[in-house]
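Me: Hey, can you walk me through this one? I'd like to start with a single residue and then zoom out.

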Amino acid sequence: MPAISRKEVAKLAGVSEATVSRVLNNVGPIKEDTRVRVLEAAKELGYVPNALAQRLARRKSGNVGVILPFVPKVHLFSTYYFAEILSGIGEAAKVCNYDLLLIFREPDSPRDYAKLFRTQKVDACIVLGAQNDSEERAALTELHKEGYPFCLVNQRFEDEGYLTVDADHESGSYAAVQHLLACGYKRIGFLNGPDAFSSSGDRLAGYKHALEEAGLLLADEIIFTGNYSRKSGYEAAKRIAEGIRSKGIDAVFAANDRMAIGLMDGLREYGMEAGKDYGLIGYDDSDSSRIVSPKLTTVSVPFYEMGRKAAMKLLATESEETGNTILPVELIKRETT
(Lines give C-alpha, C1' and ligand atoms only; values in the text may rest on other atoms or scores of the structure.)
Protein backbone atom coordinates (compact mmCIF):
# COMPACT_ATOMS: atom_id res chain seq x y z
CA MET A 1 0.00 0.00 0.00
CA PRO A 2 1.53 3.38 -1.01
CA ALA A 3 2.50 5.82 1.73
CA ILE A 4 0.10 8.64 2.48
CA SER A 5 1.48 12.05 1.49
CA ARG A 6 1.14 15.41 3.22
CA LYS A 7 -0.66 16.60 0.10
CA GLU A 8 -3.46 14.10 0.80
CA VAL A 9 -3.65 15.18 4.44
CA ALA A 10 -3.79 18.84 3.33
CA LYS A 11 -6.57 18.11 0.84
CA LEU A 12 -8.70 16.28 3.41
CA ALA A 13 -8.15 18.97 6.05
CA GLY A 14 -8.72 21.81 3.58
CA VAL A 15 -5.40 23.54 4.30
CA SER A 16 -2.02 24.03 2.60
CA GLU A 17 0.81 21.51 2.79
CA ALA A 18 2.83 24.17 4.61
CA THR A 19 0.13 24.33 7.30
CA VAL A 20 0.18 20.52 7.63
CA SER A 21 3.96 20.69 8.11
CA ARG A 22 3.66 23.35 10.83
CA VAL A 23 1.01 21.37 12.72
CA LEU A 24 2.83 18.04 12.54
CA ASN A 25 6.14 19.62 13.50
CA ASN A 26 4.53 21.78 16.21
CA VAL A 27 6.13 24.91 14.75
CA GLY A 28 4.66 28.40 15.03
CA PRO A 29 1.25 29.61 16.20
CA ILE A 30 -1.65 27.74 14.59
CA LYS A 31 -5.35 28.23 15.16
CA GLU A 32 -6.70 25.45 17.35
CA ASP A 33 -9.46 24.47 14.94
CA THR A 34 -6.89 24.24 12.12
CA ARG A 35 -4.63 22.06 14.29
CA VAL A 36 -7.52 19.75 15.14
CA ARG A 37 -8.58 19.40 11.46
CA VAL A 38 -5.05 18.49 10.40
CA LEU A 39 -4.51 15.97 13.20
CA GLU A 40 -7.87 14.34 12.55
CA ALA A 41 -7.18 14.13 8.81
CA ALA A 42 -3.74 12.59 9.47
CA LYS A 43 -5.27 10.04 11.84
CA GLU A 44 -8.08 9.16 9.45
CA LEU A 45 -5.65 8.59 6.55
CA GLY A 46 -3.08 6.79 8.69
CA TYR A 47 -0.37 9.32 7.81
CA VAL A 48 3.08 8.51 9.23
CA PRO A 49 5.33 11.63 9.27
CA ASN A 50 8.93 11.53 8.11
CA ALA A 51 11.03 11.67 11.28
CA LEU A 52 14.00 13.33 9.56
CA ALA A 53 11.82 16.05 8.04
CA GLN A 54 10.30 16.68 11.47
CA ARG A 55 13.70 17.09 13.13
CA LEU A 56 14.87 19.49 10.43
CA ALA A 57 11.66 21.49 10.61
CA ARG A 58 12.16 22.12 14.31
CA ARG A 59 15.72 23.40 13.81
CA LYS A 60 14.92 26.85 12.44
CA SER A 61 17.47 28.92 10.55
CA GLY A 62 15.33 32.05 10.42
CA ASN A 63 16.08 32.34 6.68
CA VAL A 64 13.89 32.17 3.62
CA GLY A 65 15.99 31.28 0.60
CA VAL A 66 15.53 32.94 -2.78
CA ILE A 67 17.00 30.94 -5.66
CA LEU A 68 18.03 33.20 -8.54
CA PRO A 69 19.56 32.47 -11.95
CA PHE A 70 23.16 33.61 -12.39
CA VAL A 71 23.34 35.50 -15.70
CA PRO A 72 26.87 36.55 -16.76
CA LYS A 73 27.28 40.25 -17.64
CA VAL A 74 23.76 41.07 -16.39
CA HIS A 75 23.29 43.31 -13.35
CA LEU A 76 20.45 41.23 -11.93
CA PHE A 77 19.40 43.65 -9.20
CA SER A 78 19.12 46.54 -11.65
CA THR A 79 16.56 44.68 -13.75
CA TYR A 80 13.00 45.73 -13.02
CA TYR A 81 11.65 42.17 -12.92
CA PHE A 82 14.01 40.83 -10.24
CA ALA A 83 14.21 44.09 -8.27
CA GLU A 84 10.42 44.28 -7.89
CA ILE A 85 9.93 40.62 -6.96
CA LEU A 86 12.78 40.69 -4.43
CA SER A 87 11.38 43.87 -2.88
CA GLY A 88 8.03 42.16 -2.39
CA ILE A 89 9.65 39.05 -0.89
CA GLY A 90 11.77 41.19 1.40
CA GLU A 91 8.79 43.14 2.70
CA ALA A 92 6.86 39.96 3.54
CA ALA A 93 9.92 38.31 5.11
CA LYS A 94 10.40 41.33 7.38
CA VAL A 95 6.78 41.19 8.52
CA CYS A 96 7.18 37.47 9.31
CA ASN A 97 10.54 38.00 11.10
CA TYR A 98 12.63 36.16 8.50
CA ASP A 99 15.87 37.12 6.78
CA LEU A 100 16.57 36.61 3.07
CA LEU A 101 19.32 34.28 1.88
CA LEU A 102 20.03 34.74 -1.84
CA ILE A 103 21.30 31.66 -3.69
CA PHE A 104 22.56 32.06 -7.25
CA ARG A 105 21.96 29.10 -9.55
CA GLU A 106 24.76 28.87 -12.13
CA PRO A 107 23.77 27.33 -15.49
CA ASP A 108 26.05 24.27 -15.26
CA SER A 109 25.95 23.68 -11.50
CA PRO A 110 23.83 20.93 -9.87
CA ARG A 111 20.39 22.09 -8.75
CA ASP A 112 20.39 20.44 -5.35
CA TYR A 113 17.78 22.67 -3.74
CA ALA A 114 16.97 20.10 -1.05
CA LYS A 115 20.51 20.44 0.30
CA LEU A 116 19.62 23.95 1.49
CA PHE A 117 17.07 22.38 3.84
CA ARG A 118 19.17 19.40 4.88
CA THR A 119 21.98 21.71 5.98
CA GLN A 120 19.49 23.95 7.84
CA LYS A 121 20.36 27.00 5.73
CA VAL A 122 16.73 27.84 5.00
CA ASP A 123 13.27 27.14 6.40
CA ALA A 124 11.52 27.76 3.07
CA CYS A 125 12.58 28.82 -0.41
CA ILE A 126 11.25 30.79 -3.35
CA VAL A 127 12.45 29.88 -6.83
CA LEU A 128 12.81 32.60 -9.49
CA GLY A 129 13.69 31.97 -13.12
CA ALA A 130 12.87 28.24 -13.01
CA GLN A 131 12.89 26.58 -16.44
CA ASN A 132 11.05 23.57 -17.76
CA ASP A 133 13.95 21.16 -18.15
CA SER A 134 14.72 17.74 -16.71
CA GLU A 135 17.24 18.94 -14.12
CA GLU A 136 14.94 21.63 -12.77
CA ARG A 137 12.02 19.22 -12.64
CA ALA A 138 14.08 16.65 -10.74
CA ALA A 139 15.19 19.24 -8.14
CA LEU A 140 11.61 20.45 -7.59
CA THR A 141 10.26 16.90 -7.43
CA GLU A 142 12.76 16.13 -4.65
CA LEU A 143 11.70 19.21 -2.68
CA HIS A 144 8.05 18.28 -3.04
CA LYS A 145 8.59 14.61 -2.18
CA GLU A 146 10.52 15.48 0.99
CA GLY A 147 7.85 17.96 2.10
CA TYR A 148 10.12 21.01 2.06
CA PRO A 149 8.12 24.27 1.70
CA PHE A 150 8.84 26.15 -1.53
CA CYS A 151 7.04 28.44 -3.97
CA LEU A 152 7.61 29.20 -7.65
CA VAL A 153 7.19 32.74 -8.96
CA ASN A 154 6.27 33.42 -12.60
CA GLN A 155 6.65 29.78 -13.61
CA ARG A 156 4.20 26.90 -13.54
CA PHE A 157 4.51 23.16 -13.97
CA GLU A 158 0.99 22.04 -14.77
CA ASP A 159 -0.46 19.12 -12.79
CA GLU A 160 2.43 19.05 -10.29
CA GLY A 161 0.53 20.75 -7.49
CA TYR A 162 3.39 23.08 -6.56
CA LEU A 163 2.75 26.29 -4.66
CA THR A 164 2.91 28.96 -7.37
CA VAL A 165 2.37 32.69 -7.79
CA ASP A 166 1.97 33.86 -11.37
CA ALA A 167 0.35 36.61 -13.44
CA ASP A 168 -2.34 36.26 -16.07
CA HIS A 169 0.05 36.53 -19.02
CA GLU A 170 -2.38 35.01 -21.49
CA SER A 171 -4.97 37.73 -20.90
CA GLY A 172 -2.19 40.35 -20.94
CA SER A 173 -0.92 39.38 -24.37
CA TYR A 174 -4.49 39.00 -25.63
CA ALA A 175 -5.25 42.58 -24.51
CA ALA A 176 -2.03 43.85 -26.12
CA VAL A 177 -2.77 42.32 -29.51
CA GLN A 178 -6.43 43.38 -29.31
CA HIS A 179 -5.26 46.96 -28.77
CA LEU A 180 -2.98 46.80 -31.82
CA LEU A 181 -5.87 45.48 -33.90
CA ALA A 182 -8.14 48.26 -32.60
CA CYS A 183 -5.48 50.78 -33.67
CA GLY A 184 -5.78 49.45 -37.24
CA TYR A 185 -2.73 47.20 -37.41
CA LYS A 186 -3.31 43.96 -39.33
CA ARG A 187 0.02 42.16 -39.64
CA ILE A 188 1.29 41.85 -36.08
CA GLY A 189 4.64 40.21 -35.45
CA PHE A 190 5.48 38.60 -32.12
CA LEU A 191 8.88 38.61 -30.37
CA ASN A 192 8.59 35.96 -27.67
CA GLY A 193 10.92 34.51 -25.03
CA PRO A 194 12.22 30.91 -24.76
CA ASP A 195 9.59 28.18 -24.50
CA ALA A 196 11.27 26.82 -21.34
CA PHE A 197 9.25 29.44 -19.45
CA SER A 198 5.51 28.94 -18.93
CA SER A 199 4.97 32.69 -19.36
CA SER A 200 6.24 32.44 -22.96
CA GLY A 201 3.62 29.80 -23.69
CA ASP A 202 0.95 31.93 -22.03
CA ARG A 203 1.84 34.98 -24.11
CA LEU A 204 1.85 32.94 -27.31
CA ALA A 205 -1.60 31.58 -26.43
CA GLY A 206 -2.95 35.11 -25.89
CA TYR A 207 -1.41 36.31 -29.17
CA LYS A 208 -3.00 33.41 -31.08
CA HIS A 209 -6.38 33.92 -29.40
CA ALA A 210 -6.56 37.59 -30.37
CA LEU A 211 -5.61 36.89 -34.00
CA GLU A 212 -8.04 33.98 -34.33
CA GLU A 213 -10.84 36.04 -32.82
CA ALA A 214 -10.15 38.75 -35.42
CA GLY A 215 -10.24 36.16 -38.23
CA LEU A 216 -6.54 36.58 -39.01
CA LEU A 217 -4.27 33.69 -39.93
CA LEU A 218 -1.39 32.78 -37.65
CA ALA A 219 1.89 33.05 -39.59
CA ASP A 220 4.98 31.37 -38.14
CA GLU A 221 7.18 33.54 -40.34
CA ILE A 222 6.38 36.62 -38.25
CA ILE A 223 6.93 34.96 -34.87
CA PHE A 224 10.45 35.54 -33.52
CA THR A 225 12.30 34.36 -30.40
CA GLY A 226 14.65 36.24 -28.08
CA ASN A 227 15.86 35.51 -24.56
CA TYR A 228 14.16 38.40 -22.71
CA SER A 229 17.34 40.54 -22.89
CA ARG A 230 17.61 43.97 -24.48
CA LYS A 231 20.40 42.62 -26.67
CA SER A 232 18.19 39.88 -28.10
CA GLY A 233 15.59 42.52 -29.03
CA TYR A 234 18.27 44.58 -30.74
CA GLU A 235 19.53 41.51 -32.61
CA ALA A 236 16.01 40.66 -33.76
CA ALA A 237 15.71 44.07 -35.45
CA LYS A 238 17.39 42.89 -38.67
CA ARG A 239 14.87 40.07 -39.20
CA ILE A 240 11.92 42.21 -38.17
CA ALA A 241 13.02 45.10 -40.40
CA GLU A 242 13.03 42.65 -43.30
CA GLY A 243 9.58 41.50 -42.20
CA ILE A 244 8.32 45.08 -42.18
CA ARG A 245 9.64 45.65 -45.70
CA SER A 246 8.77 42.34 -47.36
CA LYS A 247 6.16 40.55 -45.24
CA GLY A 248 3.88 43.44 -44.41
CA ILE A 249 4.54 43.53 -40.65
CA ASP A 250 3.03 46.78 -39.39
CA ALA A 251 3.26 46.18 -35.61
CA VAL A 252 5.15 44.04 -33.10
CA PHE A 253 4.18 42.69 -29.70
CA ALA A 254 7.31 41.95 -27.63
CA ALA A 255 7.10 39.62 -24.61
CA ASN A 256 8.94 42.04 -22.32
CA ASP A 257 10.01 45.68 -22.24
CA ARG A 258 13.73 44.91 -22.44
CA MET A 259 13.32 43.19 -25.80
CA ALA A 260 10.89 45.86 -27.00
CA ILE A 261 13.34 48.67 -26.20
CA GLY A 262 16.23 46.78 -27.78
CA LEU A 263 14.07 46.31 -30.87
CA MET A 264 13.23 50.03 -30.95
CA ASP A 265 16.94 50.85 -30.89
CA GLY A 266 17.71 48.35 -33.64
CA LEU A 267 14.88 49.39 -35.95
CA ARG A 268 15.84 53.04 -35.52
CA GLU A 269 19.11 52.15 -37.28
CA TYR A 270 17.00 51.01 -40.24
CA GLY A 271 15.19 54.38 -40.27
CA MET A 272 12.06 53.02 -38.58
CA GLU A 273 10.46 54.79 -35.63
CA ALA A 274 8.01 53.12 -33.23
CA GLY A 275 4.59 54.78 -33.23
CA LYS A 276 5.15 56.20 -36.74
CA ASP A 277 6.45 53.46 -39.02
CA TYR A 278 5.17 50.54 -36.96
CA GLY A 279 3.25 49.91 -33.76
CA LEU A 280 4.98 48.39 -30.74
CA ILE A 281 3.85 46.99 -27.40
CA GLY A 282 6.12 45.66 -24.67
CA TYR A 283 5.35 43.80 -21.48
CA ASP A 284 6.14 44.47 -17.76
CA ASP A 285 5.62 48.25 -17.44
CA SER A 286 9.22 48.65 -16.32
CA ASP A 287 10.71 52.00 -15.35
CA SER A 288 12.44 52.13 -18.74
CA SER A 289 9.12 51.90 -20.60
CA ARG A 290 8.09 55.26 -19.08
CA ILE A 291 11.26 57.20 -19.88
CA VAL A 292 12.22 55.82 -23.29
CA SER A 293 11.32 57.97 -26.30
CA PRO A 294 8.72 57.41 -27.60
CA LYS A 295 7.13 56.10 -24.40
CA LEU A 296 6.35 52.42 -24.68
CA THR A 297 2.83 51.00 -24.64
CA THR A 298 3.09 47.95 -22.40
CA VAL A 299 1.33 45.55 -20.03
CA SER A 300 1.73 46.21 -16.30
CA VAL A 301 2.58 43.11 -14.22
CA PRO A 302 2.39 43.24 -10.39
CA PHE A 303 5.84 41.75 -9.77
CA TYR A 304 6.17 43.32 -6.31
CA GLU A 305 2.85 41.79 -5.23
CA MET A 306 3.85 38.44 -6.76
CA GLY A 307 6.97 38.35 -4.59
CA ARG A 308 5.11 39.48 -1.49
CA LYS A 309 2.35 36.96 -2.07
CA ALA A 310 4.80 34.08 -2.54
CA ALA A 311 6.59 34.83 0.73
CA MET A 312 3.36 35.27 2.68
CA LYS A 313 2.02 31.95 1.40
CA LEU A 314 5.12 30.25 2.79
CA LEU A 315 5.81 32.22 5.95
CA ALA A 316 2.53 33.56 7.32
CA THR A 317 1.40 31.08 9.98
CA GLU A 318 -2.28 31.47 9.15
CA SER A 319 -1.90 31.24 5.35
CA GLU A 320 -3.91 28.38 3.95
CA GLU A 321 -3.56 29.12 0.24
CA THR A 322 -2.63 26.17 -1.96
CA GLY A 323 -1.76 25.61 -5.60
CA ASN A 324 -1.65 28.44 -8.14
CA THR A 325 -2.34 32.10 -7.45
CA ILE A 326 -2.82 34.09 -10.66
CA LEU A 327 -2.71 37.89 -10.37
CA PRO A 328 -4.31 40.25 -12.93
CA VAL A 329 -2.34 42.45 -15.37
CA GLU A 330 -3.25 45.74 -17.06
CA LEU A 331 -2.62 47.27 -20.48
CA ILE A 332 -0.90 50.68 -20.31
CA LYS A 333 -1.39 52.78 -23.47
CA ARG A 334 1.42 55.15 -24.45
CA GLU A 335 3.06 56.60 -27.56
CA THR A 336 4.28 53.55 -29.48
CA THR A 337 0.74 52.65 -30.54
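Predicted model: local features only at pLDDT ≥ 70, side-chain atom pairs only at ≥ 80, totals over all residues.

Me: Is Arg 308 buried, exposed or partly exposed?

Reply: Arg 308 has a relative accessible area of 26%, so it counts as partly exposed, since that label covers values between 20% and 50%.

Me: And what is Arg 308 in contact with, leaving aside its neighbours within four places in sequence?

Reply: Gly 88, Ile 89 and Ala 92. Leu 86 is 222 residues away from Arg 308 in sequence, yet the two are 8.3 Å apart in space, C-alpha to C-alpha.

Me: Which strands does helix H13 lie across?

Reply: H13 (residues 303–315) lies across E1, E3, E4, E5 and E11, and runs at about 160° to E5.

Me: OK, new topic. What's the strand order in the open sheet?

Reply: The six strands go E2-E1-E3-E4-E5-E11, with parallel pairing. E2 (99–105) and E11 (324–327) stand at the edges with a single partner strand each, so one side of each has no neighbour in the sheet. From one strand to the next, the twist averages 20°.

Me: How many bridges join E1 to E2?

Reply: Seven, and the two strands run parallel. Val 64 stands opposite Leu 100 in E2.

Me: Which residues make up the nonpolar patch on the surface?

Reply: Phe 70, Leu 100, Leu 102 and Phe 104, with about 320 Å² of accessible area together. Phe 104 sits in strand E2, and at 38% relative accessibility it is partly exposed.

Notes:
Residues numbered from 1 in each chain as written. Heavy atoms only, no water. Pairing = 2+ DSSP bridges. Helix = DSSP H or I, 4+ residues; strand = E, 2+ residues; numbered from the N terminus. Axes fitted to C-alpha atoms, helices over the stretch in contact; angles between N-to-C directions. Contact = heavy atoms within 4.5 Å. Patch = residues over 30% accessible without salt bridge, like charges linked within 9 Å, V, L, I, M, F, W, Y side chains within 5 Å. Areas by Shrake-Rupley, 256 points an atom, 1.4 Å probe, with all protein chains shown as cover. Salt bridge = Lys/Arg side-chain N within 4 Å of Asp/Glu carboxyl O. Buried < 20%, exposed > 50% of the residue type's maximum accessible area, 1.4 Å probe, protein only.
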